[in-house]
Every structure is written in structure tokens, then in C-alpha cells.
Amino acid sequence: MTQPDAPNKAAYDFRHAAMHRLAEWPVLAQIVAARKSDARRLDSRMVAALYADANEIDWAAMSEAERAFAKAAIDTHSA
């Protein structure tokens, strides 16, 4: 059985208008819920901002796929 390729930045659409479903990213959904929001989708810039503010516990709880997604979002929308 072969391992799938690790997700990379090119695999995601991080244009500003792109919307990302929280149901696909459990730690991101927890971060949003902790902020007392009931949002179900976020644009790319908000995704990047929330992941950039995530704490060590959040990062440790992320799957490999979500960590790759988070890093790609931050890299795309960093300063």
C-alpha cells in the first residue's frame, strides 16, 4: 500500500474569495467555536489568521493533513 502524497500549497485554493468548510478541518472548527462563532465557512485570509494565532495545543491536535493545510494558508497570506 502506498502513502498518498502529502498535501501541498498548490493543492489548495487560497484566493481571498475562496471559502473553506470548517467541517473539513476539525481543529480550525474548534478554534472558531472557542471564539463563540457559529461560522461554517471562512475565507482564506481568516483561515490563515486563525491558524497563525493557534496555540501549541491546537497544533499538536492537528492531523498531518490539517497541519499541511494550515501551514499552506499561513504561507500564502503571511504579511
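This dialogue walks through a few features of the predicted model above.

User: What should I know before reading this predicted model?

Analyst: Residues are numbered from 1 along each chain as its sequence is written.

User: What is the mean pLDDT of the chain?

Analyst: pLDDT is the predictor's confidence in each residue, from 0 to 100. The chain's mean is 87, and 86% of its residues reach 70 or more.

User: Over which residues does pLDDT stay under 50?

Analyst: Where pLDDT is low, predicted coordinates should not be read in detail. Here that stretch is residues 1–7. The model has four contacts beyond four places in sequence for them. Contact means heavy atoms within 4.5 Å.

User: Is His 20 buried or exposed?

Analyst: Buried means under 20% relative accessible area, exposed over 50%, and partly exposed in between (1.4 Å probe, protein chains only). His 20 has 9%, so it is buried. His 20 sits in strand 1, residues 19–21. Strands (E, at least two residues) and helices (H or I, at least four) are DSSP runs, numbered from the N terminus.

User: Which side chain makes a polar contact with the side chain of His 20?

Analyst: A polar contact is a pair of N or O atoms within 3.5 Å; within protein, one must be able to donate a hydrogen and the other to accept it, and residues adjacent in sequence count only if both atoms are side-chain atoms. For His 20 the partner is Ser 44, at 2.8 Å. Beyond four places in sequence, the contacts of His 20 include Arg 40, Val 47 and Phe 69.

User: Where is Arg 40?

Analyst: Arg 40 lies in the loop between helix 1 and strand 2. Arg 40 is exposed, at 71%. Leaving aside neighbours within four places, Arg 40 touches His 20, Arg 21 and Leu 22. Arg 40 and Leu 22 are 18 residues apart in sequence, yet 5.5 Å apart C-alpha to C-alpha.

User: At what angle do helix 2 and helix 4 pack?

Analyst: Two packed helices are described by the angle between their axes and the distance between the axes. Axes are lines fitted to C-alpha atoms, for helices over the stretch in contact, and angles run from 0 to 180 degrees between N-to-C directions. Helix 2 (residues 44–52) and helix 4 (residues 64–77) pack at about 110 degrees, with axes 8 Å apart. The residues in contact include Ser 44 and Val 47 of helix 2 and Phe 69 of helix 4.

Note on methods: Predicted model: local features only at pLDDT ≥ 70, side-chain atom pairs only at ≥ 80, totals over all residues. Heavy atoms only, no water.
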